[in-house]
Amino acid sequence: MRVLLNDGSSLDIREEEILYFSSYKNAIFVHTKEGEFVLPTTLSDLLAAYKDKGFERLDRSNVVNLSQITSFDSERKLALFNDQGQFATVSESNESRLKRYLAVRNHGKPPR
């Protein structure tokens, strides 16, 4: 995927490097462990392109790579990606779905 850098140049990012996509003030950003980059598209287009690759929309401002989530903070409703403080917000309506996904991924069975 080609993204834009602050100086106007571009950079190629591999899918497995993507933590999540977010929108802010009509701009789309792709977040990696190395930083965030501008992406000239919409979240709806990204979800359509990446849904079959394990990405889901967890609230109206992001599309998340579920395999990159390391934990979930249910008190603050945040999907956490690493120890560097990167996170994506989770809507109340998607919280139980994310918890089920993480339980199956981590333990092989859904919570009761």
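The model is predicted.

**Hairpin**

Strand β4 spans residues 27-32 and strand β5 spans residues 35-39. They pair in the antiparallel sense over 5 bridges. The two strands form a hairpin, with 2 residues between them. Val-30 has Phe-37 in β5 as its bridge partner.

**Aromatic pairs**

The count of aromatic pairs comes to 4. Phe-21 and Tyr-50 form one that is tilted, at 5.5 Å centre to centre with 50° between the planes. Phe-21 lies in strand β3 and Tyr-50 in helix α1, so this pair ties together parts that are 29 residues apart in sequence. Phe-21 and Tyr-50 are both buried. Together with Phe-55 they form one aromatic cluster.

**Nonpolar cores**

| Core | Size | Residues, among them |
|---|---|---|
| Largest nonpolar core | 14 residues | Ile-18, Phe-21, Val-30, Leu-46 |
| Second, separate core | 13 residues | Val-64, Leu-66, Ala-79, Leu-98 |

In the largest core, Ile-18, Phe-21, Val-30 and Leu-46 have the most contacts inside it. Strands β3, β4 and β5 and helix α1 each supply at least two residues of this core. Helix α1 gives the most, with 4 residues.

Which residues does Ile-18 touch, not counting those up to four places away in sequence? They include Val-30, Tyr-50 and Phe-55. Met-1, Ile-13, His-31 and Thr-32 are also among them, as are Asn-65 and Gln-68.

Definitions and conventions:
Residues are numbered from 1 along each chain as its sequence is written. This is a predicted model: local features need pLDDT of at least 70, side-chain atom pairs count only at pLDDT 80 or more; totals for chains, interfaces and linings use all residues. Side-chain values use heavy atoms; hydrogens and water are left out. Two strands pair if DSSP finds at least two bridges between them. Rings of Phe, Tyr and Trp (its six-membered ring) pair if their centres lie within 6.5 Å; planes under 30 degrees apart count as stacked, over 60 as edge-to-face and the rest as tilted. Buried means under 20% relative accessible area, exposed over 50%, partly exposed in between (1.4 Å probe, protein chains only). A nonpolar core is a set of buried Ala, Val, Leu, Ile, Met, Phe, Trp, Tyr and Cys residues joined through side-chain atoms within 4.5 Å. Contact means heavy atoms within 4.5 Å.
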